[in-house]
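The sequence and structure are shown first.

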Protein chains: 2
Amino acid sequence: MASLEPPNIVVRRLPLYLRALNLLAAEGQKITSSKDLAERLGISSAQIRKDLSHFGEFGKQGTGYEIANLSDQLRRILKLDSEWPVILIGAGDLGRALVHHSALQGRGFRIAGVFDNSPNKIGQRWGELVIQDARDLARFVRHEDIQIGIVAVPQEQAQHVVNALIESGITAILSYAPVAISVPAGIRIEYMDPILHLQRMTYYL
Amino acid sequence: MASLEPPNIVVRRLPLYLRALNLLAAEGQKITSSKDLAERLGISSAQIRKDLSHFGEFGKQGTGYEIANLSDQLRRILKLDSEWPVILIGAGDLGRALVHHSALQGRGFRIAGVFDNSPNKIGQRWGELVIQDARDLARFVRHEDIQIGIVAVPQEQAQHVVNALIESGITAILSYAPVAISVPAGIRIEYMDPILHLQRMTYYL
DNA sequence: TAGATTGTTAATCGATTAACAATC
DNA sequence: TAGATTGTTAATCGATTAACAATC
């Protein structure tokens, strides 16, 4: 039964389930079970059933889950059933990898604009995108009603850029800068820092 | 008092503390407290003290922690006091961003080799590195005694590459491929997937 | 039907927090 | 000394797991 406030830790696992389901679908599977998913993800089947139960009943006793259906449901729950336009700030290597590689396509996001403050970069074409002047950021965000920003600027500029994003109306931020950034309540921020992940493994080597 | 097996969840937070300490040091601070760190990291001061207590006593009542000392201690605990050589597999945009940006320098790691399987890429220079043939990977890993690998290849090749890495002796892997990879017990793997992070925020928008 | 798997409850497990004596 | 902050204990809180009736 869907309760009122699913714990954040549960919400954070849903994208993992969705990713596994996508993979199963790509393999041509139609049906899966909590046991099957659990093995693939390395967690317990009880946890998967419990997690899903916060949002509804998606399975069938004796059979399991229809992959296409569960996938749709998760996308709906995570609000990924339509594409979110995202802006990218920082047209460096990292930004290029994101745009070029285009891993965002098909998973709920689309890069709608790229911004930089370097005169060398502004005006350059990246595929269908033209790098824009960071000073035009707020206007773009408001006009296109963007809610999500990706920050791929040097560490020293990160807090400043985040402030500007929030000022312009952005409410969710993914930062590649390896520093804790302070944001007001109501703004969500996630971090990407490869070093952090590497440093989490060396203890065990 | 240092207990026998600190929980993994505690070990995973240590790099965050280290990062905050680095920042404080860069600001010219000499001393900090669990309260100060807690505010900066958005967690409780009790948690920081409890976490540190798994590894020893690093503070002084009434004063707090000497930043340089605590930083050294954490680096020692995490085995980051000497530089780990790392190999990178996949010389695409993402790989270039990692090498070029060189964010690894000074945080305990150094890219010792870059590998790719494309004839177009092999032989290219990236700064001081020359992209090597992926077939020479095992030899390099053994000869240079590398323990850590970063996988930045297309999704479809990720499992295959990881298998080869493990075969050659790598025991810790950072994967940029957005798929769960299966590894035998004793091998550690961490994932970098920006979409996952974005998908964890949309629920709340 | 018999077998399988769900959704849910209750028990267990583990992590976080509050509180405080020790002490710098 | 008085004030501040540690390290640690015990209490609280929350998450995970085991178990099973329901049922496809």
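## A buried histidine in chain B

B:H54 has a relative accessible area of 15% and is therefore classed as buried; with a 1.4 Å probe and protein chains only, buried means under 20% relative accessible area, exposed over 50%, and partly exposed in between. The residue B:H54 is located in the loop between helix 3 (45–53) and strand 2 (59–60) of chain B. Helices (H or I, at least four residues) and strands (E, at least two) are DSSP runs numbered from the N terminus.

The side chain of B:H54 comes to 3.2 Å from the backbone oxygen of B:K50. Between B:H54 and B:H160 there are 106 residues of sequence separation and a C-alpha to C-alpha distance of 38 Å.

## Basis of the model

This is a predicted model, in which local features need pLDDT of at least 70 and side-chain atom pairs count only at pLDDT 80 or more, while totals for chains, interfaces and linings use all residues. Residues are numbered from 1 along each chain as its sequence is written, chains are lettered from A and ligands numbered from 1 in the order in which they are written, and side-chain values use heavy atoms, with hydrogens and water left out.

## Interface of chain B and chain A

In the interface, 56 residues of chain B are in contact with 56 residues of chain A, contact meaning heavy atoms within 4.5 Å. The size of an interface is often given as the accessible area lost when the parts come together. Here the area buried between chain B and chain A is about 5,700 Å², with carbon and sulfur atoms giving 66% of this value; buried area is the accessible area (1.4 Å probe) that two parts lose on being put together, summed over both.

Between chain B and chain A, 20 residue pairs are in polar contact, both residues being at pLDDT 80 or more. A polar contact is a pair of N or O atoms within 3.5 Å; within protein, one must be able to donate a hydrogen and the other to accept it, and residues adjacent in sequence count only if both atoms are side-chain atoms. Several elements of chain B each supply at least two residues of the side that touches chain A, among them helix 1 (8–26), strand 9 (172–175) and helix 8 (194–202). Helix 8 of chain B gives the largest share of that side, 9 residues.

## Salt bridges

Over all chains, the whole structure holds 26 salt bridges, and 4 salt bridges cross the interface of chain B and chain A. The criterion is a side-chain nitrogen of Lys or Arg within 4 Å of a carboxyl oxygen of Asp or Glu. One of the bridges pairs A:R107 with B:D193, with the closest N and O atoms 3.0 Å apart. Shared partners join A:R19, A:R107 and B:D193 into one salt-bridge network.

Within chain B, B:R13 and B:D51 form a salt bridge with the closest N and O atoms 2.6 Å apart. Because B:R13 lies in helix 1 and B:D51 in helix 3 of chain B, this pair ties together parts that are 38 residues apart in sequence. Both B:R13 and B:D51 are buried.

In chain A, A:D93 and A:R96 meet in a salt bridge (3.3 Å, N to O). Both residues lie in helix 5 (residues 93–101) of chain A, 3 residues apart, about one turn of the helix. A:D93 is buried at 16% relative accessibility, whereas A:R96 is partly exposed at 29%.
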